[in-house]
Amino acid sequence: TPVDYLPLTKFTPDDKTTWLKDDGGRGSMVALYNEIAGPLWGVVSCSGPVFPDVIGYPICGLLGDVATTGSSAPYTTTASLKNSTDGQPVSHSLTDYQGVECRGFPGVQWDSMDFKWDGDKLFTWDGTLISQASAVQTKPTASFGTVLAQPGWNCVTTLNSITTGTLISADL
């Protein structure tokens, strides 16, 4: 059951299959006798505005190491590259209900993320993830947060220890 919801403007899932070729000779001129389904996996591209209360899931899923401090709200969470133990971030599960059926994507590993700031738009992100093949599941009850999307103009930029409140646009 989902614990949080990512408000997205794009969610493009693609289940993939590796086809294993049976090209073993059998005394005839046939070059390929069969193709057998091999490993299955999913690739998902998604994007949307940055919501400060939920953007941490993909960021921490990409970087892998998460430290939370504080005994009560507001907490401070720091994400950094995981360079210890197995070096692998925790996996997530995604659920997609597009009005027809609900599909679950288990074992999600975030592959990449891009961020865009622009003074006259919302702060946005694009991400790609790899998962196990999706499967039909029961539709959960949606429960979106109440935190507003982050405007692109509302930021402070620090470059080489110099802080400025002026940022026209940026891609990361």
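Me: How much space lies in the second largest pocket?

Reply: About 150 Å³. Before going on: this is a predicted model, where local features need pLDDT of at least 70, side-chain atom pairs count only at pLDDT 80 or more, and totals for chains, interfaces and linings use all residues. Residues are numbered from 1 along each chain as its sequence is written, and side-chain values use heavy atoms, with hydrogens and water left out.

Me: What makes a space a pocket, and what makes it a cavity?

Reply: Both are sets of points on a 1 Å grid over the protein atoms alone. In a cavity a 1.4 Å probe fits but cannot get out, while a pocket is an open set with protein on both sides within 12 Å along at least five of seven lines. The volume is the space filled by probe spheres set on the points, which are joined across faces, edges and corners.

Me: Which residues line the second largest pocket?

Reply: Among them are Val50, Ile59, Trp117 and Gln150. Lining residues have an atom within 4 Å of a point, so that's the test these meet. The lining has 8 nonpolar residues, 1 polar and no charged.

Me: What is in the lining of the largest pocket?

Reply: That pocket holds about 770 Å³ of space and has 28 lining residues, with Pro2, Asp4, Tyr5, Leu94 and Thr95 nearest its centre. By class, 18 are nonpolar, 7 polar and 3 charged. Strand E5 gives the largest share, 6 residues.

Me: How many disulfides turn up in the whole structure?

Reply: The search finds 0. A disulfide here is a pair of cysteine sulfur atoms within 2.5 Å.

Me: Why is Cys60 called buried?

Reply: Because its relative accessibility is 15%, and buried means under 20% relative accessible area (exposed is over 50%, partly exposed in between, with a 1.4 Å probe and protein chains only). Cys102, at 3%, is buried too.

Conventions
Helix = DSSP H or I, 4+ residues; strand = E, 2+ residues; numbered from the N terminus. Nonpolar A, V, L, I, M, F, W, Y, C, P; charged D, E, K, R; others polar.
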